[in-house]
Amino acid sequence: MHVPDGFLGPQTYLPAYGLAAAAWTVGLRRLRARLDAATLPRLAVVTATAFVLMMITVPLPGGTTVHVAGIGMLAVLFGVWNAFLSLSLVLLLQALMFGDGGVTALPVNALAMGLVGSLAAVGAHRLLRPVNRDAALFAAGWAGTVASATVMAGVLGLQPLLSRAPDGSPLFFPFGWKTTLPAVVLPHLVVGVADGVLALLAGRCLAPRPATAELPRGPEAP
C-alpha cells in the first residue's frame, strides 16, 4: 500500500505535508500528556510488529504488492493518535532504510494508513462493541485496511487530473480512478480479513485487563 516517490505531484504532497505536520503536532502533544510508563513498552512492541508485517509483501499481477499493516491492531489497543504516530514512524523508517514508500509520499501514506485507517478502525470498533466484542475487533482490523486502501486509490487516481504536461500527458501517476479503485481496493478487501484476524487476536491477548487498568495511579502503583 506504500506509495513510492515519483507517483505524486507537488500539488498533492506539499499540502499533505502541511496537513500531516499539523496532525503530527497534535499527536505528539497528546502522546506526551497521556502516555504512561506501563503503556510505552507495549506500544513499542506492537509498533515493531507492524513494521515487520508491512515488510512481508505478497506480489500481485501488474507489479503491485499487498501486505498486512496492523492498523486496526494499533488503533484498538492504543487509540487513534498513538496509532497514527506509530505508523508514521514505521513508514518513515521503511522509506529511509528500505525504499519501501517514498519520502515525498510519506505524508499521504501516513495520513491514509495512520490517521484515516485508525479513525475507521476505532469507529468500527465502537459501533460494534456493544453487539459483540470479537466482531468489533475483527471489523476494526478490516475497516482500517480497507479505508486506507480506498484513500490511497483516490489520491493516486487524482494525479492525472492534477499534473499534466503541455501536450496533456500525465506527469506523474498516469492511471485514473477506473484503474486505481479496483486495483488497490479489491485486493485489500481480502487483506483486510487477515488484518481483522490480527486485530482480534491482539485485542484478546494484549488489551489491558480491567483489574490492571483500574489500579490507582501514585507512588505505590507499579
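How many salt bridges does a search of the whole structure find? The search finds one. The structure discussed here is a predicted model.

**The salt bridge**
- The salt bridge is formed by Arg204 and Asp134, whose closest N and O atoms are 2.8 Å apart.
- This pair links distant parts of the chain, since Arg204 belongs to helix α7 (residues 177-206) and Asp134 to helix α6, 70 residues apart.
- Arg204 counts as partly exposed because its relative accessibility is 49%, a value between the limits of 20% and 50%.
- Asp134, with a relative accessibility of 29%, also counts as partly exposed.

**Helix α1**
- Helix α1 covers residues 10-34, and its 25 residues should span 36 Å at 1.5 Å a residue.
- The buried residues of α1 are Thr12, Tyr13, Ala16, Ala20, Ala23, Trp24 and Gly27.
- The cover over these buried residues includes α4 (80-98), α5 (106-128) and α6 (133-162).

**The nonpolar core**
- In soluble globular proteins, nonpolar side chains tend to be buried together.
- The largest nonpolar core in this model contains 48 residues.
- The residues with the most contacts inside this core are Leu8, Trp24, Leu74, Phe84, Leu111 and Met152.
- At least two residues of the core come from each of α1, α2, α3 (71-78), α4, α5, α6 and α7.
- Helix α5 gives the most to the core, with nine residues.
- Leaving aside residues up to four places away in sequence, Trp24 touches Tyr17, Phe84, Leu85, Ser88, Leu106 and Ala110.

**A buried threonine**
- Thr47 lies in helix α2, which comprises residues 39-55.
- Thr47 is buried because its relative accessible area is 10%, and the limit for a buried residue is under 20%.
- When residues up to four places away in sequence are not counted, Thr47 touches Leu74, Ser86 and Val90.

**A nonpolar patch on the surface**
- Met55, Leu89, Leu92, Leu93, Leu96, Met97, Phe98 and Val103 form a nonpolar patch on the surface.
- Together, these residues have about 710 Å² of accessible area.
- Helix α4 gives the most to the patch, with six residues.
- Leu96, which is found in helix α4, counts as exposed because its relative accessibility is 58%.

Notes
Residues numbered from 1 in each chain as written. Predicted model: local features only at pLDDT ≥ 70, side-chain atom pairs only at ≥ 80, totals over all residues. Heavy atoms only, no water. Helix = DSSP H or I, 4+ residues; strand = E, 2+ residues; numbered from the N terminus. Expected span 1.5 Å × (residues − 1). Buried < 20%, exposed > 50% of the residue type's maximum accessible area, 1.4 Å probe, protein only. Contact = heavy atoms within 4.5 Å. Salt bridge = Lys/Arg side-chain N within 4 Å of Asp/Glu carboxyl O. Patch = residues over 30% accessible without salt bridge, like charges linked within 9 Å, V, L, I, M, F, W, Y side chains within 5 Å. Areas by Shrake-Rupley, 256 points an atom, 1.4 Å probe, with all protein chains shown as cover. Core = buried A, V, L, I, M, F, W, Y, C linked by side-chain atoms within 4.5 Å.
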